Amino acid sequence: MTNSFVSRSLDEIRFWSRIMKEHALFLSLGFNYDDEQLIQEAKQFIPLFERIEEQLSRFSINSDPQQIVQFNNQVYQAAVSIYAYKRKVLGLTLQCKVRSNNYALLIDHTSREAAYFANRLKELNEGKLVPLPTAIIKENVFFLKIMADHAKFIGHLLDPSERKLVEQARDFSHDFDQLLYQAIDLDSMRPQSETAPILDQFLDQNRVSVVSLRNFKKTARDLIEACRIKSNIHPLLADHVFREAERFLFIIDMFEASLTGKASSNVRVE
């Protein structure tokens, strides 16, 4: 275990714990008033992840790696717990036992992020810090779908009278759907390290689209906060999806560094 392990672990927990806490809030706000039990179950995750954030503040890059292993295990259990809750809610929604303002795709989306978070913690505790080319593609498949989902949610939550913004959101949805299908095709081809130029092009193309979507989200967030556009988008949700686009760009940077040999660890994801 190294400082890289500690740094990566703390970074993942810092980012995704906040995301999980906000998911709990958004889901609770989307239920009907008579779904009191589901609302309270969602709200219970807010203090859970706030406690994790408080614990996180006690660690630093120089913390004992074994303590970080234990912390990762603790946070893993929280991520698995909120994942199970989200899948339960999704099941109830698909069976029409719950009718709310939480889209089925949104619930599935948040559950995929919880599963991703839990899996990252598990991988880190196994010493898997630097991705192989095949893992890079799978990670991009995950994030490209997240970005495509965001565009769809934004398009549906904007007021229909915001025609230009709705059209832009639909264009982004189509763009990221196409990038997702392309990534799935590349994953099927399973390129190895000797075909790194293909992966370089793949990441460059994704970066261009993510930067464009990130900028759109930033503009939308600022307009929503200033009450200059009509929508059902909570200002915190607008900032939430902006931060996830920023995260994808961070991940692309990390992948490009690994392809060029700049990554510091010799351990790779299988």
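Author: Let us begin with Cys96, which sits in the loop between α3 (65-94) and α4 (104-125), where helices (H or I, at least four residues) and strands (E, at least two) are DSSP runs, numbered from the N terminus. Before going further, please keep in mind that this is a predicted model, in which local features need pLDDT of at least 70 and side-chain atom pairs count only at pLDDT 80 or more, while totals for chains, interfaces and linings use all residues. Residues are numbered from 1 along each chain as its sequence is written, and side-chain values use heavy atoms, with hydrogens and water left out.

What draws attention to Cys96 is its backbone: its phi is near 60°, a positive value in a residue other than glycine. Most residues other than glycine have a negative phi. With a relative accessible area of 43%, Cys96 is partly exposed, a class that lies between buried (under 20% relative accessible area) and exposed (over 50%), as found with a 1.4 Å probe and protein chains only.

A positive phi also occurs at Cys227, a residue other than glycine, where the value is near 55°. Cys227 belongs to the loop between α7 (196-225) and α8 (235-259), and at 67% relative accessibility it counts as exposed.

If its neighbours within four places in sequence are left aside, Asp239 is in contact (heavy atoms within 4.5 Å) with Arg18 and Arg221.

To place these residues in the whole, the chain has eight helices and two strands, which run α-α-α-α-β-α-α-α-α-β from the N terminus on. Of its 270 residues, 51% count as buried, and residues 24 or more positions apart account for 83% of the contacts with a separation of 6 or more. Along its principal axes, the C-alpha trace spans about 50 × 40 × 35 Å.
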